[in-house]
Amino acid sequence: MENETSVQSKPPSGFTGFLGRLGGTLLEPRKTFYDMMQREMGILEPLFLIIVFFGIQGALVGVFTVRILYSFLAFLSPIIGAEQLQAFQGGLFIVPFITAISWIVFALMIWIISAGITHLCAKYIFKGMGSYTQLLKLYGYASVPSSLVILGMMLTSLNFSIFFGLSMILCLMAVFWTVIILVVAVERCYLIDPGQAFISSFIVPLIVYLALSALVGLIFSSLVLGGFSL
Amino acid sequence: MRANTIIGGMIIAILLASVIFTFASPILLGPLIKFEEDRAKVTRTYSFTSDDAPGVDYVNLNFTVKAGGIDINFTDDSSLIYRFVFKQDEGATKPSIENITVDSKLFVNVMAESGDVKVTFGNNYIYNGTLRVSLGGITAKLSNYSNIEFFDLATVYAGGVSVDVEDDAAFDHLNMRVNAGGIMMHIGAKTLKKNSSIFARVELGGIVVDSIPKGTSLGSRLKAFADIGGIYLNPGNYTVISQTVNRVEIETENYPTAPIKLEIEIFTGLGGTTINQPFFPAFPTSFSQEITAGYFIE
């Protein structure tokens, strides 16, 4: 068993500590996760991060959708009438709230399921020694790189033609960074090597999600096209 | 730990900016796809020259645009007191402009609900006053034709202020305030006409000072403070007087002896400040076995 000895001073508490954990997740994930595990952090902070990061992303998608719909409102006026158009226009403001809530629900589901798949793989295939709750806490911090996605979405919304390329780069960076954080989280939590952590946190969940998508696709096509045969 | 806190502050700033953006963008930016009829703009030009106000040598401005932008420039036209070119959506309320002359002073009050305005001043008058936008941005280019006693450039709610100081600009004091957003300072000047000072304050967001002037006759000193967050400083050739996580004081080598001095003071409430270096930080640095090896003893 690995013998771990902390050589760090006491981490700061309060809001500065929270800022340090956010930045540390990006810059020093190993050290930050080690500190969190030593301090036995609660589940509320990662839960809060997921709600905030994905809630904002959902709201931005909703706003983007509303602004696209706005573009076509002028064409609807002769068809549905001015009063109905005004009512429809007012109703559009609910869209960002719906998308924000949908995004949060979806993110929470992915969070719980992904941590579950990873836990099963790391614990029972690679014989790791961590717990599901601990992994769930660390996985919550993997939402931090999505701040780059949020930045990209804002820039794209400001000027699509200028910032679309930059936004794509920011999104790719966020994906890459998230995978790194997930791998480090699994590695630290279960004390397995990085390769095993990568398989547990990325490859296996990816295969499961692809298989699920294929299954849903097949079921959908069978319903629409009237059956399939294996 | 310091870098972590700064990055954490930047993440919080992005999140808070995105919340403001979510509420403001449908109103401020309008439809994403603009068809020809959406683009209809009306341009209104208001000029005031020495013929309109003879004997005036001092101009006091009280300039407000609620949503939009202000772009400030100076020209070598000595008879020009001001020229405002408003670009507004068709149907938008006309700006109101009031000119009051008292002795040799001209008081100019401008109020516009929305739109972008290009403001041009001449080189024969002393300018003083406040220019503010509630939501939007202000850009100012202080060239050698500028002659400012005091300018207060303010973004009341959210947006940004960008200032470019060129060689031989003349100003006593420049004040910049942003509630949520950012301030960008490019001080390319190697010389200024007189002792000057700049104060920049952002409650939530960031301040970028891409360089600090280093001329033979111009000495500069910069003080920065960040309440929650941090300051990224590239000291370069500057003399570092003090530097902590959230407080920095630097000056140019010639500051004590320079005949003309520039004082810069910046404050960030929540967020980050970068001084003399690129804005974006580097990629993760600790995803390596070496660092972990030093951290865990087997």
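Figure 1. With a relative accessibility of 73%, D103(B) counts as exposed (buried means under 20% relative accessible area, exposed over 50%, and partly exposed in between, using a 1.4 Å probe and protein chains only). This is a predicted model, in which local features need pLDDT of at least 70, side-chain atom pairs count only at pLDDT 80 or more, and totals for chains, interfaces and linings use all residues. Residues are numbered from 1 along each chain as its sequence is written, chains are lettered from A and ligands numbered from 1 in the order in which they are written, and side-chain values use heavy atoms, with hydrogens and water left out. D103(B) belongs to the loop that links β4 (96–102) to β5 (105–121) in chain B; helices (H or I, at least four residues) and strands (E, at least two) are DSSP runs, numbered from the N terminus. Its phi is near 55°, a positive value in a residue other than glycine.

**Figure 2. The overall make-up of chain A.** Nine helices and zero strands form the secondary structure of this chain. Read from the N terminus, the elements go α-α-α-α-α-α-α-α-α. Of its 230 residues, 45% are buried. Contact means heavy atoms within 4.5 Å. Taking the contacts in chain A with a separation of 6 or more, 72% are between residues 24 or more positions apart.

**Figure 3. Helices α5 and α6 of chain A.** Two packed helices are described by the angle between their axes and the distance between the axes. Here the axes of α5 (residues 95–125) and α6 (residues 132–140) of chain A come within 9 Å and cross at roughly 130°. Axes are lines fitted to C-alpha atoms, for helices over the stretch in contact, and angles run from 0 to 180 degrees between N-to-C directions. The pair α5(A) and α6(A) is therefore oblique (angles under 35 degrees count as roughly parallel, over 145 as roughly antiparallel, 65 to 115 as roughly perpendicular, and the rest as oblique). Their crossing is right-handed, a term used if the near helix is turned clockwise from the far one by less than a right angle, with left-handed for anticlockwise. On the α5(A) side, the residues that meet α6(A) include W111(A), I112(A) and H119(A), and on the α6(A) side they include Y132(A), L135(A) and Y139(A). By class, the contact of α5(A) with α6(A) has seven nonpolar, five polar and no charged residues; Ala, Val, Leu, Ile, Met, Phe, Trp, Tyr, Cys and Pro count as nonpolar, Asp, Glu, Lys and Arg as charged, and the others, Gly among them, as polar.

**Figure 4. Helices α7 and α8 of chain A.** The axes of α7 (residues 146–158) and α8(A) are 8 Å apart, and the two helices pack at an angle of about 170°. They are therefore roughly antiparallel to each other. Among the contacting residues are L148(A), L151(A) and L155(A) of α7(A), along with F163(A), F164(A) and W177(A) of α8(A). The contact of α7(A) with α8(A) has 14 nonpolar, three polar and no charged residues.

**Figure 5. Two loop residues of chain A.** L191(A) sits in the loop between α8 (160–190) and α9 (194–225). Its phi is near 55°, a positive value in a residue other than glycine, and at 31% relative accessibility L191(A) counts as partly exposed. E40(A) is in the loop between α2 (29–39) and α3 (44–80), and with 64% relative accessibility E40(A) counts as exposed. Although E40(A) and Q134(A) are 94 residues apart in sequence, their C-alpha atoms are 8.5 Å apart in space.

Figure 6. Chain B has two helices and 13 strands, and 49% of its 298 residues count as buried. I207(B), in strand β9 (residues 196–209), is buried at a relative accessible area of 1%. Leaving aside neighbours within four places in sequence, I207(B) is in contact with residues including I183(B), M185(B), I266(B) and F267(B).
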